[in-house]
Structures are given as C-alpha cells and as structure tokens.
Amino acid sequence: MPSDRVLHLLGSAAEPVLGVRAAVAHARALGWDVCLGLTPTAADWLREELDTLAELTGYPVKSRFRRPGDPEPWPAADAVLVAPATFNTLNSWALGITDTWVVGHAAEAIGKGVPLIALPRVNSALAAHPQFGRSLATLREAGVELLPNADGILADGLAPLPSVAGPSGFPWAKALAAVERAVPRG
Ligand SMILES: Cc1cc2nc3c(=O)[nH]c(=O)nc-3n(C[C@H](O)[C@H](O)[C@H](O)COP(=O)(O)O)c2cc1C
C-alpha cells in the first residue's frame, strides 16, 4: 500500500539505535514511508542489519555523503526525526558542523522548513557540559521540537537528566506520536 507521508528517520550512536528496526516497522504501520539514515558509528553498530533495514524500508540506508553525480535515492521528507540524538550529533547540528551525512541532512532540513523532531539520549555528565544547553536552545530557536529523553524530563527546558535505559526503554512510540502530531495523516 503506497504511503502518503515520507519520514526521514536519522539515528546516531547511542544504544537505543540498536532497536531502530522495530521503530521503522512501527512508523510504517502508522502509514509512513520511512527512509533510514545513520551516522557512520551507528551504521557500524548495525552493520549486520543494514541489508534487512534497507529491505524493510525499500530505500538504501544512508550514512555517508553520496559522490558527485550519484542520484538521490530518497523521496523528499514530510518530516525528519533525529532519534536517538547523541551529544555529538546535537552539538554538531546546532553548530552547523556537518561532518556526518546525518547532521548535514538535519541541518539542511532546518533551512527547508521541514518539520523536525529530535529525541536526545544524553547522560547527565555530558548534559552538564556548557555547550549542550546552548545547542538545545539553538535548535529550539531554529524550530526543532526537542522531546524529553527516556526519563521524561528536560530539566528547565534545556538539559536532559540521565537516561540509562537500554534500547527497549527508549520512548520511540512517543517520538513517532510527535511526528504524527506534526504531520497528521491527510
Ligand atoms: C556502548 C556505547 C553507548 C553510547 N551511548 C551514548 C549515548 O547514549 N549518548 C551519547 O551521546 N553518546 C553515547 N555514546 C558515545 C557516542 O557513540 C560517540 O560520542 C560517537 O562519537 C557519537 O557519534 P555520532 O553522533 O556521529 O553517532 C556511546 C558509546 C558507546 C560505545
């Protein structure tokens, strides 16, 4: 059954990314055509599953910039979900340092005005770094909807508290519900 909405799901290298297959299946069940992008580290963690994930989505899993002249294999996004979003990916995204394809794509999506949702997965030690709160504030100002992490808390609206739950405790369903709210089925 063809889907009418396209979701670009972009995952970085925090453990919940190991559960991305179930999240893709859930999004497809909600009627999304899903394209999966991974940071190079996340793609390495999932290396045994990449073919299965490509088969499940029907699109190549993207983790690197394509070569000049190579065709774009994905349809344009109706929504972009960055989950799980690491400390590194969130800071790079906020600072505009596009040295992974995922960050470059998420950065462009801000400029294109595509609805953007991100679900951080960052522990309290990293969240206490002075740049982190600034990065979240920058992303919010740019229109990114930042969801609470697995503990359900974004303290003072900026720094998430520790999230130590494994992949199964990651609130993928809440992330997909936020995507649904951002782009309801037509
Ligand atoms: C087992 C393991 C779990 C990790 N979990 C997290 C995490 O939950 N959040 C985070 O920000 N970084 C985590 N890291 C560190 C990131 O993988 C590392 O900073 C990496 O450079 C992130 O790259 P990326 O943002 O391009 O995926 C973890 C690393 C390992 C080895």
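Tutor: Leu 81 has Ile 117 as its bridge partner in β4. Keep in mind that this is a predicted model, where local features need pLDDT of at least 70, side-chain atom pairs count only at pLDDT 80 or more, and totals for chains, interfaces and linings use all residues. Residues are numbered from 1 along each chain as its sequence is written.

Student: What makes β3 and β4 a pair, and in which sense do they run?

Tutor: Two strands pair if DSSP finds at least two bridges between them. β3 and β4 have four bridges, in the parallel sense. Strands here are DSSP runs of E with at least two residues, while helices are runs of H or I with at least four, both numbered from the N terminus. The protein has eight helices and seven strands.

Student: What does β4 pair with besides that, and over how many bridges?

Tutor: β4 also pairs with strand β5 (residues 145-146), in the parallel sense over two bridges. There, Glu 145 in β5 is the bridge partner of Ile 117.

Student: Why is strand β4 called largely enclosed?

Tutor: A residue is buried if 20 or more other C-beta atoms lie within 10 Å of its own, exposed if 12 or fewer, and partly exposed in between, with C-beta atoms placed from the backbone. Five of the five residues of β4 (residues 116-120) are buried, so the rest of the structure largely encloses this strand. Both faces are covered: Leu 116, Ala 118 and Pro 120 are buried on one side, and Ile 117 and Leu 119 on the other.

Student: What makes a group of residues a nonpolar core, and how many residues does the largest one have?

Tutor: The set must consist of buried Ala, Val, Leu, Ile, Met, Phe, Trp, Tyr and Cys residues joined through C-beta atoms within 7 Å. The largest such core has 53 residues, and Leu 81, Ile 117 and Ala 118 are among those with the most contacts inside it. Its largest share, six residues, comes from strand β3 (residues 79-85).

Student: Which residues does Leu 81 touch, and how do you know?

Tutor: Two residues are in contact if their C-beta atoms, placed from the backbone, lie within 7 Å. Leaving out residues up to four places away in sequence, Leu 81 touches Leu 7, Leu 9, Leu 10, Ile 117, Ala 175 and Val 179. So Ile 117 is both a contact of Leu 81 and its bridge partner in β4, by the 7 Å rule for contacts.
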